[in-house]
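Hi,

Here is the structure I promised to pass on. Have a look at it first, then read my notes below.

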Amino acid sequence: MHNQLIEPAQAKINLFLHVTGKREDGYHTLDSLVCFADCGDIIRARPADDDTLTLALTGPMAPALADASTADNLVMRAANLLRDRFGIRQGAELILEKNLPVASGIGGGSADAAATLRVLCKLWGIPARPAELAPLALELGADVPVCLEGGTVFMQGIGEQLTPLAPLPGFSMVLVNPGKAVSTPAIFNARDGEFTEADLWAKDQSFADVTALADALRECRNDLTLPAVTLLPEICDVMDALARADGCLLARMSGSGATCFGLYPDAQMAARAASAIANANPDWWVKDCKIAPPQG
Ligand code: C5P
């Protein structure tokens, strides 16, 4: 591809997610520690000959999006929103390499939208500061601002209040999805009971290594696990499989599920866990990866 720009759309991991309240508009307020994995989707962009925007889908998970209208894809919605707000006339040819399972709690669609905003700002020469893009990101979805921010982030509000934190110690992960999509609104709607107190996580703490991080994370939870497991019991099997693998320090669901992650001290242990889980469960999506390195 000539003049092609490439932008990663990294998988988003909610290391914990506390639901702290509900707003009048139905959205829930959260406290969540978010980091990103060094794997994900990829957005490629190049200038179009005219003013049209086109989107092509490739990658192993592309068939899951093929039935939906292209205009509804978050990549196209992000591109159109950016064009409208900044009065851009140019078009673009976009390609989404869909590697992450869709509707799976690791922010595939949100990361794609954020990567589209980033790549098109470069392609179209929009000198937007992050503070100008954040409201656009929020219009596209509650998880898009955190994906635009990247790094290690403490996320509050419905996803718009972001505090960048010091990088976490390096660790390896295994991501596992049972091959079934779950609807985020359905999971939030199925949640009941008390809300978790806000600000339980000290934002200024640092960790000597991943074992210390996992110890601290065990004091927290993902409050969407119970409703998610009720709607999709296989999530329990996924968490059990991760937790049983040698060396697993913590196994937990990300976002509204169904993808769960396991934390492992090193890449060899993660690779061994991933191949054992994949061999025993050929229908599951299994990926070993690392926490993304701190940004430049
Ligand atoms: O913003 P997004 O489109 O990702 O949210 C999808 C749905 O998930 C919302 O309509 C809402 O029902 C639910 N949600 C929520 N609280 C959040 C994020 C999402 O209740 N913080």
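β2 (28-47) and α5 (184-190) each put at least two residues into the shell around the ligand. Of the contributors, α5 gives the most, with three residues. Bear in mind that this is a predicted model.

The residues surrounding the ligand are G26, Y27, H28, L30, G141, A142, D143, I158, G159, T184, P185 and F188. Sorted by class, that shell has six nonpolar, five polar and one charged residues. Both domain 1 (5-164) and domain 2 (172-290) take part, with at least three residues drawn from each.

Now for the annotated spots. The UniProt entry, which is unreviewed, has an "active site" annotation covering K12 and D143. They are spread over 132 residues of sequence, yet they cluster in space, with a largest C-alpha distance of 9.0 Å.

K12 first: you'll find it in strand β1 (residues 5-22). K12 counts as buried because it has 28 C-beta neighbours inside 10 Å, and the cut-off for that is 20 or more. Setting aside neighbours within four places in sequence, K12 is in contact with V34, F36, I106, G107, S110, A111, D143, V146 and C147.

D143, which is also listed among the residues surrounding the ligand, lies in the loop between α3 (130-140) and α4 (144-149). Is D143 buried or exposed? It's buried, since 30 other C-beta atoms lie within 10 Å. With neighbours within four places in sequence left out again, D143 is in contact with K12, G107, S110 and G159.

Cheers

Definitions and conventions:
Residues numbered from 1 in each chain as written. Predicted model: local features only at pLDDT ≥ 70, side-chain atom pairs only at ≥ 80, totals over all residues. Near = placed C-beta within 6 Å. Helix = DSSP H or I, 4+ residues; strand = E, 2+ residues; numbered from the N terminus. Nonpolar A, V, L, I, M, F, W, Y, C, P; charged D, E, K, R; others polar. Domains from an automatic or database assignment. UniProt positions renumbered as here; feature names shortened; annotations may be inferred. Buried ≥ 20, exposed ≤ 12 C-beta atoms within 10 Å, placed from the backbone. Contact = placed C-beta atoms within 7 Å.
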